[in-house]
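Hi,

Here is the structure I promised to pass on.

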There are 2 protein chains.
Amino acid sequence: MNPDALRGHMDALLLSVLEREPLHGYAIIEALQERSGGALNVPTGTVYPALRRLERTGHLVSEWATVGGRRRRTYRLTDSGRKQLEGERSAWQAFTSAIGSVLGPGEVRPSGSA
Amino acid sequence: MNPDALRGHMDALLLSVLEREPLHGYAIIEALQERSGGALNVPTGTVYPALRRLERTGHLVSEWATVGGRRRRTYRLTDSGRKQLEGERSAWQAFTSAIGSVLGPGEVRPSGSA
DNA sequence: TGTCTACATATAGACAGCCTACATGTAGAC
DNA sequence: GTCTACATGTAGGCTGTCTATATGTAGACA
């Protein structure tokens, strides 16, 4: 997967995996991999800064925990984050629709043709 | 449209509008706008450098022409460009599928079921 | 005559986010 | 004693998109 392609969609991905339950960074990475059937292999150097960014903007809050002797920072969606996710979802729809209509050879001709 | 979202998809867009017929930069911008229903408003500062990049990599060739007293640089797809476009199209499929499977809460859900 | 808009191309520099590479540390297996 | 999995984090690089600016023709309009 071309790294540039992820640009601008990372937030949506992170918010989305955190929608159902709070998770820590490492688990988020695994969740992304699993949910995408292995296609999404996001490096830690991308995820951790992105999570902090989302916390800074108030879409996430984090909490430290120690499990099995290891420290985890668990992130949870805020109301603002939930709202943001909604926006990201419709932005995604608009985005794929726009690109798709250019890329797609146009077999999608709506019923009321010219 | 978030500018970052376009990252890594610009080439596909340009190649795609040039698939049917050669066009010059200005016309390409208009074509992108038209084909996307107005959603894609790509500035000249994005398109012209991108076209030159694609020419440098051999996916396009250009030719100068003067029409109505104005100089146009018309771009045309090469065989390499056509092949590249194919790749971009399947990459786009893979990309939307991957992101969609994370983002989409399951539009797979049949409308009737609980 | 002068001004404005549409047409047409181009570059410089800013910006931002994703990546590679590296640093740090625990736990458990072998 | 070493290796792997788990777990977090930062620094710096890269690169493509954007904004702003420059240049120039053609035609409308006053």
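**Where the two protein chains meet**

Between chain A and chain B, ten residue pairs are in polar contact, both residues of each pair being at pLDDT 80 or more. A polar contact here is a pair of N or O atoms within 3.5 Å; within protein, one must be able to donate a hydrogen and the other to accept it, and residues adjacent in sequence count only if both atoms are side-chain atoms. On the chain A side, α1 (3–6), α2 (10–17), α3 (25–35) and α5 (79–103) each supply at least two of the residues that touch chain B. The largest share, ten residues, comes from α5(A). (Helices, H or I of at least four residues, and strands, E of at least two, are DSSP runs numbered from the N terminus.) By class, that side of chain A has 16 nonpolar, eight polar and five charged residues; Ala, Val, Leu, Ile, Met, Phe, Trp, Tyr, Cys and Pro count as nonpolar, Asp, Glu, Lys and Arg as charged, and the others, Gly among them, as polar.

Before going further, please keep in mind that this is a predicted model: local features need pLDDT of at least 70 and side-chain atom pairs count only at pLDDT 80 or more, while totals for chains, interfaces and linings use all residues. Residues are numbered from 1 along each chain as its sequence is written, chains are lettered from A and ligands numbered from 1 in the order written, and side-chain values use heavy atoms, with hydrogens and water left out.

In total, 29 residues of chain A are in contact (heavy atoms within 4.5 Å) with 29 residues of chain B. The two chains bury about 2,600 Å² between them, 71% of it on carbon and sulfur atoms; buried area is the accessible area (1.4 Å probe) that two parts lose on being put together, summed over both. In chain A, the residues that lose the most area to chain B are A:Trp92, A:Val102 and A:Leu103, together 27% of what that side buries.

There are also two salt bridges between the chains, a salt bridge being a side-chain nitrogen of Lys or Arg within 4 Å of a carboxyl oxygen of Asp or Glu. A:Arg7 forms a salt bridge with B:Asp4, with the closest N and O atoms 3.4 Å apart.

**The DNA strands**

The largest share of the surface near DNA strand D, five residues, comes from α4(A).

DNA strand C is surrounded by 28 residues, the closest being A:Arg7, A:Thr46, B:Tyr26, B:Arg72 and B:Arg73. Sugar and phosphate make up 65% of the atoms of DNA strand C within 4 Å of the protein.

Best wishes

Technical notes: A residue is near a molecule or strand if one of its heavy atoms lies within 4 Å of it.
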